[in-house]
Amino acid sequence: MDRFSWSNGLLEINETLVIQQRGVRLYDGDDKAKLDLGVTLLSTHRLIWRDIKNHECCIAMPLSQIIFFEEQAAGIGKSAKIVIHLHPVPANKEPGPYQYSKYSYIKLSFKEHGQIEFYRRLTEEMTKKRWENTPVSQPIPTGTGSQAGKTRAVGIVGIERKIEEKRKETDKNISEAFEDLSKLMVKAKEMVELSRSIANKIKDKQGDITEDETIRFKAYLLSMGIANPVTRETHGSGTHYHLQLAKQLGDMLQAPLEERGGMMALTEVYCLVNRARGMELLSPEDLVNACKMFESLKLPLRLRVFDSGVMVVQLQSHSEEEMIASALDNVSEKGSLTAEEFAKLLGLSVLLSKERLLLAEKMGHLCRDDSVEGLRFYPNLF
Amino acid sequence: KMRRGVGAGAIAKKKLAELEPHISHMCIIFIPMSKQLETFKTHLEEFASKHKQEIRKNPQFRVQFQEMCATIGVDPLASGKGFWSEMLGVGDFYYELGVQIIEVCLALKHRNGGLITLDELHQRVLKGRGKYAQEVSQDDLVRAIKKLKVMGNGFGMIPVGGSYLVQSVPAELNMDHTVVLQLAEKKGYVTVSEIKDSLKWEKERACHVLDHLLKEGLAWLDSQAAGEAQYWLPALFSELTSRDVTPEEANQMTP
């Protein structure tokens, strides 16, 4: 499907319509194309397809792209198709609905029949190759309007006008949007400047500001998305919002953590929580800031950062010593283990099992054998 | 002492004097701040009611929006609780994209060691989102990835061949590794000789870098290649061939 380019569907001088057929769905290789049902038109020069409902959605491909084509009979619940095999994408191809396709063929699926006649006409045109005798100068680029003298609307003047009107309206909407955006940004900038002056005043009155006031200020910064210029920490860079979030996470993550051996990578938590929420999602920073509050809220979870930079949430009940001791047991039992093998054993991710092994190594219980075959851990007998 | 100082007026004045330091805080912090915030919120609501669609539908508009925010020192994606996120819906768009990016990277990690081209990531994310989802540009992906970095899983971007490789594991990749990746980009693999010729390195240095890439699962060794052993980067595979490595081929190559 990446051989198609956007088109306004207007025929060139010397280009004639041969046949058109409604109720055609396009396939990118074996996959349904991300387009709806449409009309497919065959001209002397091109294969054109237009969405039935949305006439502006129109794509075309020169017939010279076609290597060969074949029929695919209908089956139970499946319409008859024509499979068209195509040459590679030419370098100067105008943009279209697909930037890239892993297939070199498309299919036309004839939901309302008509494939027999279409196939016959296509065969005829591919034999006659009429486009070679009467070449059109260059593909019609969309959106630039008609090039005077080169195109002539063949019975579809109304469509061209409608496209032009829609485009003008869209352009107008966009430029209005940009204008409004600029005005909004001017106001936002004022907010940033206000926050700076407040921050300065807070710094000056250091010690004279209540915790409540500081928290309010932080909430203000949070709303606006402004980085906190005052470094005095009360609950990390958190606010009441993060406090609540931390408590929610404390409840929500208990079971998943237990299922996963007491530890989850922060990215895993991020996906889990956001998938569950569906909307009003947490930002990565929200998650980090909330997790930083676990300790001060005396929740049974901790945010932990390994030497590698990997961040995890772990259950407080899973003590370090236990983890390392059991890692040592596992390795001793098997003689040696790689991170992958350890992961399989525990049902943990490779990332986290590697971290555990590294931790055990750091504590002196394991030593490594680092070779091209991989990193393997042995009990440290020294 | 003047008799004028006694009376309700004097008492009120005294109270005021005691409260003054606190009042001045309120004046400085609460009142202008709350007022300004409310006003701004109204402006943002107005903007959202007119143009919220534009942000969701138009990648170009999103780029403009992001760049303007950056210029004035605002991060619209800092928090899901921020105004920008709540009213314009920018947050959900990027945070969800973040989830999709993490999931794609995780699913392919066993194959490419945690390194994937931005193009392939883009294709796969689009595929996962389905045909009715909003359009997502590479710029959108890049911004989402920048946010993911804060969660410490080694997310990063390596410039290669005019685009980027997206790293999603904490494997340490220094300049030497990066340069070899860039060299391998054209063909998807590289040999020791090619490194020596192009980069003018000694064999030891080349081997050291290649060994590291092998260990991290980012490169696979084809020792049966005609001529010299070839080090293949699975992350670069899809750029060149449209088919996946078959199990038989995978067996011939050793990770």
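**Entry 1: Asp370(A)**

I began with Asp370(A), which counts as partly exposed at 35% relative accessibility (buried means under 20% relative accessible area, exposed over 50%, partly exposed in between, with a 1.4 Å probe and protein chains only). This is a predicted model, so local features need pLDDT of at least 70 and side-chain atom pairs count only at pLDDT 80 or more, while totals for chains, interfaces and linings use all residues. Residues are numbered from 1 along each chain as its sequence is written, chains are lettered from A and ligands numbered from 1 in the order in which they are written, and side-chain values use heavy atoms, with hydrogens and water left out.

Which residues pair with Asp370(A) in salt bridges? I found Arg368(A), with the closest N and O atoms 3.6 Å apart, and Lys215(B), where the closest N and O atoms are 3.4 Å apart. A salt bridge here is a side-chain nitrogen of Lys or Arg within 4 Å of a carboxyl oxygen of Asp or Glu. Arg368(A) is partly exposed too, at 39%.

**Entry 2: other salt bridges**

Next I looked up the total, and the structure holds 30 salt bridges over all chains. Side chains of opposite charge can pair when their charged atoms come close. I picked out two examples in chain A. Arg130(A) pairs with Glu125(A) at 2.6 Å between the closest N and O atoms; Arg130(A) is partly exposed at 31%, whereas Glu125(A) is buried at 0%. Arg260(A) meets Glu259(A) at 3.8 Å, N to O; here Arg260(A) is partly exposed at 26% and Glu259(A) is exposed at 64%.

**Entry 3: chain B by itself**

I noted 11 helices and six strands in chain B; helices (H or I, at least four residues) and strands (E, at least two) are DSSP runs, numbered from the N terminus. Of its 255 residues, 47% are buried. The accessible surface of chain B is about 13100 Å², with 54% of that on carbon and sulfur atoms (Shrake-Rupley method, 1.4 Å probe; for residues, only the protein chains shown count as cover).

Then I turned to the interface. The size of an interface is often given as the accessible area lost when the parts come together. Chain A and chain B bury about 5800 Å² between them, 68% of it on carbon and sulfur atoms (buried area is the accessible area, 1.4 Å probe, that two parts lose on being put together, summed over both). On the chain A side, Leu184(A), Met185(A) and Thr267(A) lose the most area to chain B, together 10% of what that side buries. The contact takes 63 residues from chain A and 60 residues from chain B, where contact means heavy atoms within 4.5 Å.

Five salt bridges cross this interface, one of them the Lys215(B) and Asp370(A) pair from my opening entry. Which element gives the most to the side of chain A that touches chain B? I found α3(A), with 18 residues.

**Entry 4: a residue in α3**

Last, I looked at Asp180(A), which sits in helix α3 (residues 157-204) of chain A. Is Asp180(A) buried or exposed? At 14% relative accessibility, Asp180(A) counts as buried. Leaving aside neighbours within four places in sequence, I found Asp180(A) in contact with Phe47(B), Lys50(B) and His51(B).
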